[in-house]
Amino acid sequence: MIRKGNCWHCGYCLLGLPHERCPECGNVPKPPKPPPPTMTFADAATDLIDFAVKLVTVYLLAMLGPALVVAGLIAYTLINA
Ligand SMILES: [Zn+2]
């Protein structure tokens, strides 16, 4: 098992060396992986607003459907009365 601070190729301890290259096998340590993208506050706020808009839209559509049916029934009843 290669520990941190050791050469990834041969395991030679690289701690305290003035250069990155392994003196044992000549390998250069792999560059560290870039950190994963983190969500900023603005991104989170945008996602939250987007979610709220969708939620309100679905709510309004769900409420509007039955209301239109009831209004249609009332209008039908009034016209045919
Ligand atoms: Zn090495």
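**Legends to the close-up views**

**View 1. Overall dimensions of the predicted model.** The protein chain has a radius of gyration of 33 Å, whereas a compact globule of 81 residues would have one near 12 Å. The coordinates are those of a predicted model. Along the principal axes, the C-alpha atoms of the protein chain fill a box of roughly 100 × 25 × 15 Å. Of the 81 residues in the protein chain, 2% are buried. The secondary structure comes to 1 helix and 0 strands.

**View 2. The two domains of the protein chain.** Domain 1 covers residues 1-30, and domain 2 covers residues 37-81. Between the C-alpha centres of domain 1 and domain 2 there are 61 Å.

**View 3. Helix α1.** Helix α1 is made up of 39 residues, 41-79. From its first C-alpha to its last, α1 reaches 55 Å, which is close to the 57 Å expected at 1.5 Å a residue. The helix is hardly covered, with a count of 0 buried residues among its 39 residues.

**View 4. Surroundings of A67.** A67 has its place in helix α1. This residue counts as exposed because it has 10 C-beta neighbours inside 10 Å, and a residue is exposed if that number is 12 or fewer. A67 and P23 are 44 residues apart along the chain, and their C-alpha atoms are separated by 79 Å.

**View 5. Surroundings of G5.** G5 lies in the segment before α1. With 11 C-beta neighbours inside 10 Å, G5 counts as exposed. Not counting residues up to four places away in sequence, G5 touches C13, L14 and L15. T57 is 52 residues from G5 in sequence, and the two are 55 Å apart in space, C-alpha to C-alpha.

**View 6. A67 and G5 in the context of the chain.** A67 belongs to helix α1, while G5 is found in the segment before α1. A67 is exposed, with 10 C-beta neighbours inside 10 Å; G5 is also exposed, with 11. The chain around them has 2% of its 81 residues buried, and in α1 the count of buried residues is 0.

Methods. Residues numbered from 1 in each chain as written. Predicted model: local features only at pLDDT ≥ 70, side-chain atom pairs only at ≥ 80, totals over all residues. Domains from an automatic or database assignment. Helix = DSSP H or I, 4+ residues; strand = E, 2+ residues; numbered from the N terminus. Rg over C-alpha atoms; globule rule 2.2 N^0.38 Å. Buried ≥ 20, exposed ≤ 12 C-beta atoms within 10 Å, placed from the backbone. Expected span 1.5 Å × (residues − 1). Contact = placed C-beta atoms within 7 Å.
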